[in-house]
Amino acid sequence: MYTNVNFSAPLGVLTFLGTGFVMFLAGVFLIYSLVVRKFGRARLAVLAGVLVAGVYLAIVLVFSFSSSEKVLARGEEKHFCEIDCHLAYSIADVRQTKTIGTAPNQATAGGLFTIVTLKTRFDETTISSSRGDALLTPNSRVVTVIDDQGRRYGPSTAAENLLEQANLSGKPLTTALRPGESYTTTLVFDLPADVRNPTLLMNEGEWVTHLIIGHENSPLHKTTRFQL
């Protein structure tokens with residue numbers, strides 16, 4: 001299974017929260033020590049905070065350095081851990097065109113529009129028996145195309161708006177779904193006509209994920225991308 005983490009997501013979140021709590025206590029102790037003019041204690045609080053932060057960062061980097069780049073073939077799934085379950089993503093279809101829509105509501109690509117049909121599936125085999133059939137709303141997603149020179153391309157908002165007006169855009173990536181359900185989303189990228197080996201990177205949009213041990217968004221962590 002290919003995932004967006006290489007460390008247990010629940011443990012990663014708990015470790016982050018626990019570290020944050022310890023840092024909070026160190027901060028409170030530092031402020032108290034300064035108020036009562038106990039500068040020796042204040043230095044101890046600073047030292048403790050720096051030590052805890054340093055150890056946490058070191059662990060983050062250990063898991064980042066142990067990660068590896070992966071490029072998934074058509075149909076292979078990348079799982080996103082939502083703490084108590086997984087959402088699986090895969091490329092269902094890719095096609096290219098110079099224009100989208102019809103005049104006067106038409107968009108013309110600077111290079112070529114690459115239209116990607118992305119499938120989202122709620123993997124019912126990854127939930128516990130106590131979770132039930134409740135809806136899951138995915139966390140925010142960021143999608144980027146990266147070519148073999150490392151250049152990055154975001155979605156074409158104008159082209160995607162035209163598809164949405166024609167009811168051809170599928171469902172938004174934040175659409176809630178139940179275990180076993182799936183849907184597709186259409187993404188459009190305006191890529192240079194001579195682009196080589198483009199891959200699609202999908203990752204989480206929440207800033208806090210950059211601080212989670214083993215998360216794909218953490219510093220220097222390798223990524224899992226889709227071949228287009």
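Where is the place of Arg37? I find Arg37 in the loop between α1 (9-35) and α2 (39-65), taking helices as DSSP runs of H or I with at least four residues and strands as runs of E with at least two, numbered from the N terminus.

I note that this is a predicted model, in which local features need pLDDT of at least 70 and side-chain atom pairs count only at pLDDT 80 or more, while totals for chains, interfaces and linings use all residues. Residues are numbered from 1 along each chain as its sequence is written, and side-chain values use heavy atoms, with hydrogens and water left out.

Backbone entry. I looked up phi of Arg37 and found a positive value near 60 degrees in a residue other than glycine; Arg37 is exposed, with a relative accessible area of 62% (exposed means over 50%, buried under 20%, partly exposed in between, with a 1.4 Å probe and protein chains only). Asn197, also not a glycine, has a positive phi near 50 degrees and is found in the loop between β8 (182-191) and β9 (199-204).

Aromatic entry. I count two aromatic pairs in the structure, where rings of Phe, Tyr and Trp (its six-membered ring) pair if their centres lie within 6.5 Å, with planes under 30 degrees apart counting as stacked, over 60 as edge-to-face and the rest as tilted. The rings of Phe80 and Tyr89 have centres 5.1 Å apart and planes at 75 degrees, so I record this pair as edge-to-face. I also checked burial for both residues, and Phe80 is buried, as is Tyr89.
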